[in-house]
Amino acid sequence: MIDTPRITDTAAQWVAFIHLTIPRDEIRHAMGPGISEVFSVLKEQDIKPAGPWFTHHLKMTPEQFDFEICVPVLTPVTPTGRVKAGELAARKNVAHTVYQGPYEGMGEAWGKFMGWIEANGRKPAPDLWEVYSKGPESGDDASQWRTELFRPLLD
């Protein structure tokens, strides 16, 4: 279900993003319109994505997600409507794995990933991000979809 996790460092990345704080059960309704909005602004400004889109979760509670829908860019976007310019900061000691399968399996994948982090005596930072490197736009076979999971570590 997930590749063997590893610890890595990540580079800083400019992003075009929308920040949302929503009830957990609204995530499926917010993602599609949010990512469409970011891509629309990039197209209007003739800015090409510098990689696959991702979500950066700043805080999660059982009731709520506080996160950003992000597209990496090489040129900063001019803020338009809800779309802002930002940066995913460089980080050291980030746990990373790849989950292959449908989005419905993400909860289980994160559970296994967090189990690996804890079993290795590491403490996660509050934020995390998911890079949707291969999803529904690549075909209907959800078993082939790939999502990269990143969790910064405090130690």
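Which strands do the buried residues of α1 pack against? They pack against β2 (13-23), β3, β4 (64-72) and β7, where contact means heavy atoms within 4.5 Å. This is a predicted model, in which local features need pLDDT of at least 70 and side-chain atom pairs count only at pLDDT 80 or more, while totals for chains, interfaces and linings use all residues. Residues are numbered from 1 along each chain as its sequence is written, and side-chain values use heavy atoms, with hydrogens and water left out. Helices (H or I, at least four residues) and strands (E, at least two) are DSSP runs, numbered from the N terminus.

**Helix α1**

- Among the residues of α1, Ile27, Ala30, Met31, Gly34, Ile35, Val38, Val41 and Leu42 are buried; buried means under 20% relative accessible area, exposed over 50%, and partly exposed in between, with a 1.4 Å probe and protein chains only.
- Looking down the axis of α1, you find its buried residues within an arc of 125°, so they line one face of the helix; the arc is that of the directions from the helix axis to the C-beta atoms.
- An α-helix has 3.6 residues a turn, so residues three or four places apart point the same way.
- Turned away from the buried side of α1 is a face that carries the exposed residues Arg28, His29, Lys43 and Glu44.
- The 18 residues of α1 should span 26 Å at 1.5 Å a residue, and this agrees with its end C-alpha atoms, which are 26 Å apart; the expected span is 1.5 Å times one less than the number of residues.
- After α1 comes aspartate 46, with a positive phi near 55°.

**Aromatic pairs**

- Rings of Phe, Tyr and Trp (its six-membered ring) pair if their centres lie within 6.5 Å; planes under 30 degrees apart count as stacked, over 60 as edge-to-face and the rest as tilted.
- By this rule there are six aromatic pairs.
- In one of them, tryptophan 53 and tyrosine 132 have ring centres 4.4 Å apart and planes at 35°, so the pair is tilted.
- This pair links distant parts of the chain, 79 residues apart: tryptophan 53 is in the loop between α1 (27-44) and β3 (54-60), and tyrosine 132 is in strand β7 (residues 128-134).
- Tryptophan 53 counts as buried at 17% relative accessibility, and tyrosine 132 is buried at 7%.
- Phenylalanine 65 and phenylalanine 67 make an edge-to-face pair, 6.3 Å centre to centre with 80° between the planes, and both residues are buried.
- Trp53, Tyr103, Tyr132 and Trp145 are linked into a cluster by ring pairs.

**Salt bridges**

- The whole structure holds four salt bridges, each a side-chain nitrogen of Lys or Arg within 4 Å of a carboxyl oxygen of Asp or Glu.
- Arginine 82 and glutamate 37 meet in one of them, at 2.5 Å from N to O.
- That pair joins distant parts of the chain, 45 residues apart, with arginine 82 in the loop between β4 and β5 (84-88) and glutamate 37 in helix α1.
- Arginine 82 is partly exposed at 40% relative accessible area, and glutamate 37 is partly exposed at 24%.
- Arginine 91 bridges to aspartate 127, with the closest N and O atoms 2.9 Å apart.
- Here arginine 91 lies in strand β6 (residues 91-100) and aspartate 127 in the loop between α2 (106-119) and β7, 36 residues apart.
- Arginine 91 is partly exposed at 24%, whereas aspartate 127 is buried at 8%.
- Glutamate 108 and lysine 112 form a salt bridge with closest N and O atoms 3.7 Å apart, and both lie in helix α2, four residues apart, about one turn of the helix.
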